[in-house]
Amino acid sequence: MLLVPCKPIFGLVTLFCLARGVTVNNYRNMSSLAGIHSVTYVTVPTQDVAKKLAHGLVKNKLAACVNIIPGLTSVYEWKNEINEDSELLLMIKTRTDTVDALTKFVKENHPYEVCEVISLPIQNGNDKYLNWISEIVPPIDQREKQE
(Lines give C-alpha, C1' and ligand atoms only; values in the text may rest on other atoms or scores of the structure.)
Protein backbone atom coordinates (compact mmCIF):
# COMPACT_ATOMS: atom_id res chain seq x y z
CA MET A 1 0.00 0.00 0.00
CA LEU A 2 1.07 3.57 -0.62
CA LEU A 3 0.81 6.56 1.61
CA VAL A 4 -0.99 9.25 -0.33
CA PRO A 5 -1.25 12.83 0.97
CA CYS A 6 -4.80 13.98 1.69
CA LYS A 7 -6.04 17.57 1.48
CA PRO A 8 -4.84 19.72 4.36
CA ILE A 9 -7.34 19.96 7.19
CA PHE A 10 -8.01 23.56 8.25
CA GLY A 11 -5.03 24.63 6.10
CA LEU A 12 -2.55 23.58 8.82
CA VAL A 13 -2.02 19.84 8.99
CA THR A 14 -1.48 17.44 6.13
CA LEU A 15 -2.57 13.92 6.90
CA PHE A 16 -1.41 10.85 5.11
CA CYS A 17 -4.02 8.29 4.21
CA LEU A 18 -3.54 4.67 3.31
CA ALA A 19 -4.67 4.07 -0.22
CA ARG A 20 -4.68 1.21 -2.62
CA GLY A 21 -2.38 3.08 -4.93
CA VAL A 22 -0.37 0.00 -5.87
CA THR A 23 -3.47 -1.76 -7.14
CA VAL A 24 -4.62 1.31 -9.05
CA ASN A 25 -1.20 1.72 -10.67
CA ASN A 26 -1.15 -1.93 -11.71
CA TYR A 27 -4.48 -1.63 -13.48
CA ARG A 28 -3.33 1.53 -15.28
CA ASN A 29 -0.47 -0.46 -16.80
CA MET A 30 -2.59 -3.42 -17.95
CA SER A 31 -3.43 -4.21 -21.52
CA SER A 32 -6.84 -3.27 -22.85
CA LEU A 33 -7.18 -7.03 -23.44
CA ALA A 34 -6.85 -7.84 -19.72
CA GLY A 35 -8.84 -10.92 -18.74
CA ILE A 36 -10.00 -11.83 -22.26
CA HIS A 37 -7.39 -14.59 -22.47
CA SER A 38 -6.25 -17.25 -20.02
CA VAL A 39 -3.41 -19.66 -19.47
CA THR A 40 -4.63 -23.11 -18.47
CA TYR A 41 -2.37 -25.71 -16.87
CA VAL A 42 -2.86 -29.46 -17.25
CA THR A 43 -0.52 -32.18 -15.96
CA VAL A 44 -0.18 -35.44 -17.91
CA PRO A 45 1.66 -38.74 -17.33
CA THR A 46 3.38 -39.21 -20.72
CA GLN A 47 4.58 -37.45 -23.85
CA ASP A 48 2.02 -39.39 -25.92
CA VAL A 49 -0.87 -38.14 -23.78
CA ALA A 50 0.56 -34.61 -23.89
CA LYS A 51 0.75 -34.62 -27.70
CA LYS A 52 -2.71 -36.16 -28.09
CA LEU A 53 -4.30 -33.51 -25.88
CA ALA A 54 -2.27 -30.64 -27.39
CA HIS A 55 -3.13 -31.58 -30.97
CA GLY A 56 -6.81 -32.08 -30.08
CA LEU A 57 -7.07 -28.73 -28.32
CA VAL A 58 -5.49 -26.82 -31.20
CA LYS A 59 -7.35 -28.76 -33.92
CA ASN A 60 -10.68 -28.09 -32.18
CA LYS A 61 -9.80 -24.39 -31.77
CA LEU A 62 -9.97 -24.63 -28.00
CA ALA A 63 -6.38 -23.36 -27.77
CA ALA A 64 -4.11 -21.23 -29.92
CA CYS A 65 -0.94 -22.78 -28.53
CA VAL A 66 0.01 -25.58 -26.15
CA ASN A 67 3.51 -25.78 -24.70
CA ILE A 68 4.56 -29.24 -23.52
CA ILE A 69 6.96 -28.87 -20.61
CA PRO A 70 8.76 -32.07 -19.55
CA GLY A 71 10.57 -32.92 -16.35
CA LEU A 72 8.03 -32.21 -13.61
CA THR A 73 7.98 -34.10 -10.36
CA SER A 74 4.60 -33.97 -8.66
CA VAL A 75 4.15 -34.82 -4.99
CA TYR A 76 0.53 -35.17 -3.89
CA GLU A 77 -1.87 -37.05 -1.66
CA TRP A 78 -4.28 -39.43 -3.37
CA LYS A 79 -6.54 -41.97 -1.65
CA ASN A 80 -4.76 -41.47 1.70
CA GLU A 81 -1.28 -42.08 0.27
CA ILE A 82 1.54 -39.68 -0.53
CA ASN A 83 2.64 -40.16 -4.14
CA GLU A 84 5.53 -38.87 -6.24
CA ASP A 85 5.30 -39.10 -10.02
CA SER A 86 7.08 -37.79 -13.10
CA GLU A 87 4.73 -35.72 -15.23
CA LEU A 88 4.65 -33.18 -18.03
CA LEU A 89 2.88 -29.83 -17.91
CA LEU A 90 0.71 -28.44 -20.67
CA MET A 91 0.67 -24.63 -20.71
CA ILE A 92 -2.36 -23.77 -22.83
CA LYS A 93 -3.18 -20.31 -24.21
CA THR A 94 -6.87 -19.71 -24.90
CA ARG A 95 -9.79 -17.34 -24.44
CA THR A 96 -11.19 -17.09 -20.93
CA ASP A 97 -14.71 -17.80 -22.21
CA THR A 98 -13.44 -21.06 -23.73
CA VAL A 99 -11.97 -22.54 -20.53
CA ASP A 100 -15.11 -24.56 -19.68
CA ALA A 101 -15.19 -26.19 -23.14
CA LEU A 102 -11.44 -26.80 -22.95
CA THR A 103 -11.86 -28.41 -19.51
CA LYS A 104 -14.62 -30.67 -20.85
CA PHE A 105 -12.38 -31.79 -23.74
CA VAL A 106 -9.46 -32.53 -21.39
CA LYS A 107 -11.63 -34.49 -18.96
CA GLU A 108 -13.03 -36.59 -21.81
CA ASN A 109 -9.57 -37.38 -23.22
CA HIS A 110 -7.34 -37.60 -20.12
CA PRO A 111 -6.35 -40.92 -18.51
CA TYR A 112 -6.46 -39.67 -14.89
CA GLU A 113 -9.54 -40.29 -12.75
CA VAL A 114 -9.32 -36.64 -11.64
CA CYS A 115 -7.19 -34.54 -13.96
CA GLU A 116 -5.70 -31.18 -13.12
CA VAL A 117 -7.15 -28.33 -15.15
CA ILE A 118 -6.53 -24.91 -13.63
CA SER A 119 -6.69 -21.54 -15.32
CA LEU A 120 -5.43 -18.01 -14.69
CA PRO A 121 -6.46 -14.89 -16.60
CA ILE A 122 -3.78 -13.09 -18.61
CA GLN A 123 -3.72 -9.51 -17.33
CA ASN A 124 -1.02 -8.12 -19.58
CA GLY A 125 1.20 -9.08 -22.46
CA ASN A 126 2.20 -8.51 -26.06
CA ASP A 127 -0.97 -7.17 -27.70
CA LYS A 128 -0.04 -8.75 -31.05
CA TYR A 129 0.28 -12.17 -29.38
CA LEU A 130 -2.98 -11.75 -27.48
CA ASN A 131 -4.74 -10.66 -30.68
CA TRP A 132 -3.34 -13.76 -32.40
CA ILE A 133 -4.94 -15.94 -29.69
CA SER A 134 -8.22 -14.15 -30.42
CA GLU A 135 -7.88 -14.84 -34.15
CA ILE A 136 -7.23 -18.57 -33.62
CA VAL A 137 -9.74 -19.30 -30.84
CA PRO A 138 -13.22 -17.96 -31.66
CA PRO A 139 -15.36 -16.50 -28.87
CA ILE A 140 -17.62 -19.13 -27.31
CA ASP A 141 -20.81 -17.47 -28.59
CA GLN A 142 -19.49 -17.64 -32.19
CA ARG A 143 -18.42 -21.26 -31.68
CA GLU A 144 -21.94 -22.25 -30.57
CA LYS A 145 -23.43 -20.65 -33.72
CA GLN A 146 -21.03 -22.65 -35.93
CA GLU A 147 -21.92 -26.00 -34.33
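## Salt bridges, sheet and cores in a predicted model

Glu 113 and Lys 79 form a salt bridge whose closest N and O atoms are 3.3 Å apart. A salt bridge here is a side-chain nitrogen of Lys or Arg within 4 Å of a carboxyl oxygen of Asp or Glu. Glu 113 sits in the loop between α3 and β6 (118-121), and Lys 79 in the loop between β4 (65-78) and β5, so the pair ties together parts that are 34 residues apart in sequence. Both Glu 113 and Lys 79 are exposed; exposed means over 50% relative accessible area, buried under 20%, and partly exposed in between, with a 1.4 Å probe and protein chains only.

The model is predicted: local features need pLDDT of at least 70 and side-chain atom pairs count only at pLDDT 80 or more, while totals for chains, interfaces and linings use all residues. Residues are numbered from 1 along each chain as its sequence is written, and side-chain values use heavy atoms, with hydrogens and water left out.

By the rule above, the count comes to 2 salt bridges. Side chains of opposite charge can pair when their charged atoms come close. The table lists the pairs.

| Pair | N to O distance |
|---|---|
| Glu 113 and Lys 79 | 3.3 Å |
| Glu 108 and Lys 104 | 2.8 Å |

Glu 108 and Lys 104 both belong to helix α3, where they are 4 residues apart, about one turn of the helix. Glu 108 counts as exposed because its relative accessibility is 54%. Lys 104, with a relative accessible area of 52%, is exposed.

Helices (H or I, at least four residues) and strands (E, at least two) are DSSP runs, numbered from the N terminus. An open sheet is formed by 4 strands in the order β4-β5-β3-β6, with antiparallel pairing. Two strands pair if DSSP finds at least two bridges between them. β4 and β6 are the edge strands, each pairing on one side only. On average, neighbouring strands of this sheet are turned by 30° against each other, direction ignored.

β4 and β5 are antiparallel and pair over 12 bridges. Tyr 76 stands opposite Asn 83 in β5. The hairpin of β4 and β5 has 2 residues between the strands, and Lys 79 takes a positive phi near 50° there. Between β3 and β5, also antiparallel, there are 8 bridges. Tyr 41 has Met 91 in β5 as its bridge partner, and His 37 stands opposite Arg 95 in β5.

Helix α4 (residues 127-136) lies across β3, β4 and β5 and runs at about 90° to β5. Such angles run from 0 to 180 degrees between N-to-C directions, the axes being lines fitted to C-alpha atoms, for helices over the stretch in contact.

A nonpolar core is a set of buried Ala, Val, Leu, Ile, Met, Phe, Trp, Tyr and Cys residues joined through side-chain atoms within 4.5 Å. The largest one has 17 residues, of which Val 44, Leu 57, Val 66, Leu 90 and Ile 92 touch the most other members. Two or more residues each come from β3 (37-44), α2 (47-59), β5 (81-95) and α3 (99-109). α2 gives the largest share, 5 residues. A second, separate core has 7 residues, including Ala 64, Leu 130, Ile 133 and Val 137.

Terms used
Contact = heavy atoms within 4.5 Å.
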